[in-house]
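Here are a few exercises to work through with the model open on your screen. Have a go at each one before you read its solution.

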Amino acid sequence: MSTASNGSVSLYYEVDGDPDRGTVLLLGDAGYGAWQWGWQHAGLTGPFETVVTDLRGTGRSDAPPGPYTVDDFVADVQAVLEAHGSRRIHVVGAGLGGMVALELARLSSRPRSLALLGTAPVGADLTLDPLYGDPSDPDALEASLAAALSRDFLDAHPDVVEQVVEWRAAEDATPEAWAAQAAAVEAFDVSDRLYEVDVPSLVIHGRDDAVWPVECGRRLARELPRGEFVGLDGGHLIGIERSRAVNDRLFGFLGA
C-alpha cells in the first residue's frame with residue numbers, strides 16, 4: 001500500500017506479485033473504485049506483478065476540484081509508475097481507464113501492450129449517467145448496476161450484487177468527483193491519432209453494453225495498427241460478468 005504525488009494530488013496504489021514475467025497496470029472506469037478489478041487481480045497476480053491505482057476522485061486517492069482531463073490521469077499514472085520504479089508495463093484499462101491507457105501509449109514508451117475493456121476512442125457521444133450511483137445511497141448504487149450488467153447476471157447472482165454495492169459505497173466517486181471524471185470522458189477524442197498507438201492491443205467489449213456501445217470497441221480495434229477485437233455476451237462490466245472468458249484472453253494475450 002503506497003502513495004505517489006502528482007503535484008498536490010496524492011494517488012493511492014497497491015503492488016502485488018512477482019515482476020519477473022512483467023508488470024500489469026490496472027486502470028479503472030469512471031466513478032468506480034479498485035473493487036472492479038477483484039475478478040482479474042487474483043488471477044493476474046502471481047504470474048505477473050500487478051499495480052492497481054485509484055484514479056483521482058475515487059478510493060483513497062485525492063479528489064481535487066474538477067473538471068478532470070485524460071491528460072490529468074496520464075500524469076497521475078506517470079507519477080505512480082515513477083514512484084514504483086516501473087519502466088515497461090502491460091496496461092489493462094476499462095472505460096475511462098482504457099482512454100487513459102490509449103493516451104499513455106501514444107505519449108510514452110512505457111506500455112508494452114494494451115488490453116482495453118469497454119472502451120471508446122471518442123467520448124462525446126456517450127451518456128454515462130445511467131452507470132452512476134451516489135455512494136451514500138445503496139438503493140441508487142444497486143439500481144445503477146442495471147446499466148452495467150445484464151439482467152440475467154443480476155438475477156442469477158444476488159450475492160455478487162450485494163457485495164458490489166458494499167464495495168461501491170466504500171470506494172466510488174462522490175457526485176462532484178463523478179462529474180469531474182465524466183467530463184474527462186466527454187472531452188476525449190483520439191480518433192485521428194490512433195495510428196500512433198503501435199503496441200499490441202486487445203479490445204474486449206460486451207456485445208450488450210448499453211452505455212459504451214459495442215461498435216465503439218469494434219471501431220477501436222479496427223483503427224488501432226495492432227488491434228484485435230473480442231466480443232463477448234454481456235454488459236459494460238464485462239470483466240465481472242464474463243470474468244473467466246476475459247481472464248483466459250488476458251492470459252493468452254499477456255503471455256504472448
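Two residues are in contact when they have heavy atoms within 4.5 Å. This is a predicted model, where local features need pLDDT of at least 70 and side-chain atom pairs count only at pLDDT 80 or more, while totals for chains, interfaces and linings use all residues. Numbering runs from 1 along each chain as its sequence is written, and side-chain values use heavy atoms, with hydrogens and water left out.

**Exercise 1.** How many cavities of 30 Å³ or more does the structure hold, and which residues line the largest cavity?

*Solution.* First, the terms. On a 1 Å grid over the protein atoms alone, a cavity is a set of points where a 1.4 Å probe fits but cannot get out; a pocket is an open set with protein on both sides within 12 Å along at least five of seven lines; lining residues have an atom within 4 Å of a point. Points are joined across faces, edges and corners, and a volume is the space filled by probe spheres set on them.

There are two cavities of 30 Å³ or more. The largest cavity has a volume of about 100 Å³, and D29, Q36, W37, Q40, A94, L117, G118, H236, L237, I238, G239 and I240 line it. Helix α9 (residues 238-241) gives the most to that lining, with three residues.

The second largest cavity comes to about 40 Å³. Its lining is made up of G28, Y32, G33, A34, Q36, W37, T53, D54, L55 and T58.

**Exercise 2.** What is the volume of the largest pocket, and how do its lining residues divide by class?

*Solution.* The volume is about 280 Å³. Of the 16 lining residues, E14, A34, W35, V52 and E171 lie nearest the centre of the pocket. β2 (9-16), α1 (38-44), β4 (49-53) and α6 (158-171) each supply at least two residues of the lining. For the classes, Ala, Val, Leu, Ile, Met, Phe, Trp, Tyr, Cys and Pro count as nonpolar, Asp, Glu, Lys and Arg as charged, and the others, Gly among them, as polar. That gives seven nonpolar, four polar and five charged residues.

**Exercise 3.** Zoom out: how many helices and strands does the protein have?

*Solution.* Count ten helices and eight strands. Buried residues make up 55% of the 256 residues. Finally, look at contacts with a separation of 6 or more: residues 24 or more positions apart account for 75% of them.

Note on methods: Helix = DSSP H or I, 4+ residues; strand = E, 2+ residues; numbered from the N terminus. Buried < 20%, exposed > 50% of the residue type's maximum accessible area, 1.4 Å probe, protein only.
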